[in-house]
Amino acid sequence: MDAKEMVPQEKKEVKRTGEEMRPGPVFIPAVDILENQNEIMILADMPGVDGKDVDIDLRNDILTIRGPVSPVEDEKEVSVYREYSWGDYFRQFTLAEVIDQGKISAKMDNGVLRLNLPKKEKVKPKKIEVSVS
Amino acid sequence: MAVIRWQTGPGEFPESASDFDRLRQGMEWLLDSFGSPSPGFTSRVFPSINVTEDKDYYYLRAELPGLRSEELDISVVGNQVSIRGERKIPVEKGEFNYHRREREDGGFRRTISLPMEIDSDKVSAEMKKGILKVTLPKHEKTKPRKIQITANK
């Protein structure tokens, strides 16, 4: 198989600011940000997050994404080998475009969040007729 | 007199930095490139794997967002579990420009050796919310057997 080899990435941890809700590490999800004429699309890798638990907040041009993770390991499970830790996902962006908040759509599929942010339609400038007497 | 320019590597610093700062930053850059790993260093392989156990099973978990079970290949031989696959990130329709591209795609392969032998016939795996969970029953013959002690009358 000549498929390109993946370049491994460590999970990026958020530096604590003291404002978090729950104890434990918080991670920054890897994202792809795409834009066309009509919308901004954000795709975020947040494995372990349930669609109904994702929190998306947009105010003052700041977009905040929170993806809580519920524990996957049963109480009776004992750790044998651990390469990564569990934790909620959190990321913030400043948006340059004005978004039509009512039309934002979000979908979670297999640990990937797809967030569509349609741009607010720009009001066309009104042509002002000048009457000549 | 020769003027020596310090090689400073990625990242600029303001002109007002003293020569001592420049020297220190230059040295730190060299250490990052060739020195010991920084704290928090994790194994540089994908995907990261956690293994837990209870009395009868091993549980292997890996974070594989966006992977479909058809794109994964899991095999078990003796006490070794191999996970192989390829993540494909589809091109989005709609003539998009990318502002950021952080998510990786490509092929991966990992093999983990477990402490005890596994009953390969009864291994099961599920993919949920982008997390792969492989349930591996410990082989009967390697499970510790309770030994009866007969009392001598």
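Trainee: Which way do β4(B) and strand β6 of chain B pair, and over how many bridges?

Mentor: Keep in mind that this is a predicted model. To read a pairing, look at the direction of the two strands and at the bridges between them. Here β4(B) and β6 (residues 106–113) of chain B pair in the antiparallel sense, over eight bridges.

Trainee: Where should I look in the hairpin of β3(B) and β4(B) for a positive phi?

Mentor: Go to the residues between the strands. This hairpin has two of them, and Gly78(B) takes a positive phi near 60°.

Trainee: Which residues of β4 of chain B are on the covered face, and which on the uncovered one?

Mentor: Follow the strand residue by residue and sort the side chains by face. In β4 (residues 80–87) of chain B, the covered face holds Val81(B), Ile83(B), Gly85(B) and Arg87(B). The uncovered face has Gln80(B), Ser82(B), Arg84(B) and Glu86(B).

Trainee: Why does Gly85(B) count as buried?

Mentor: The test is a count of neighbours, and the cut-off for buried is 20 or more other C-beta atoms within 10 Å. Gly85(B) counts as buried because it has 23 C-beta neighbours inside 10 Å.

Trainee: Which residues does Gly85(B) touch, leaving out those up to four places away in sequence?

Mentor: They are Leu67(B), Glu71(B), Leu72(B), Asp73(B) and Phe108(B). Take Glu71(B) as an example: Gly85(B) and Glu71(B) are 14 residues apart in sequence, yet their C-alpha atoms are 5.7 Å apart in space.

Trainee: And how does chain B read as a whole?

Mentor: Start with the list of elements. Chain B has one helix and eight strands, and from the N terminus on they run α-β-β-β-β-β-β-β-β. Of its 153 residues, 18% are buried. Among contacts with a separation of 6 or more in chain B, 48% are between residues 24 or more positions apart.

Trainee: How many residues of chain A and of chain B are in contact with each other?

Mentor: For an interface, count the residues on each side, then ask what supplies them. Here 38 residues of chain A are in contact with 40 residues of chain B. On the chain A side, β3 (31–35), β4 (39–45) and β7 (78–82) each supply at least two residues. That side of chain A divides into 20 nonpolar, six polar and 12 charged residues.

Trainee: Which strand of chain B is joined to β7(A)?

Mentor: That is β1 (residues 49–53) of chain B, joined to β7(A) by four bridges, with the two strands running antiparallel. Within this pair, Tyr81(A) has Val51(B) as its bridge partner.

Trainee: In what order do the strands lie in the open sheet of five strands?

Mentor: The order is β9(A)-β10(A)-β4(A)-β3(A)-β5(B), with antiparallel pairing. At the edges stand β9 of chain A and β5 (97–101) of chain B; each has a single partner strand, so one side of each is left without a neighbour in the sheet. The twist averages 15° from one strand to the next.

Trainee: Can we finish with the pairings of β10(A)?

Mentor: Gladly. β4(A) and β10(A) pair in the antiparallel sense over seven bridges, with Ile42(A) bridged to Leu115(A). Five bridges join β9 (residues 105–109) of chain A to β10 (residues 112–118) of chain A, also antiparallel, and there Ser105(A) has Asn116(A) as its partner. In the hairpin of β9(A) and β10(A), with two residues between the strands, Asn110(A) takes a positive phi near 55°.

Methods
Residues numbered from 1 in each chain as written. Chains lettered and ligands numbered in written order. Predicted model: local features only at pLDDT ≥ 70, side-chain atom pairs only at ≥ 80, totals over all residues. Buried ≥ 20, exposed ≤ 12 C-beta atoms within 10 Å, placed from the backbone. Contact = placed C-beta atoms within 7 Å. Nonpolar A, V, L, I, M, F, W, Y, C, P; charged D, E, K, R; others polar. Pairing = 2+ DSSP bridges. Axes fitted to C-alpha atoms, helices over the stretch in contact; angles between N-to-C directions.
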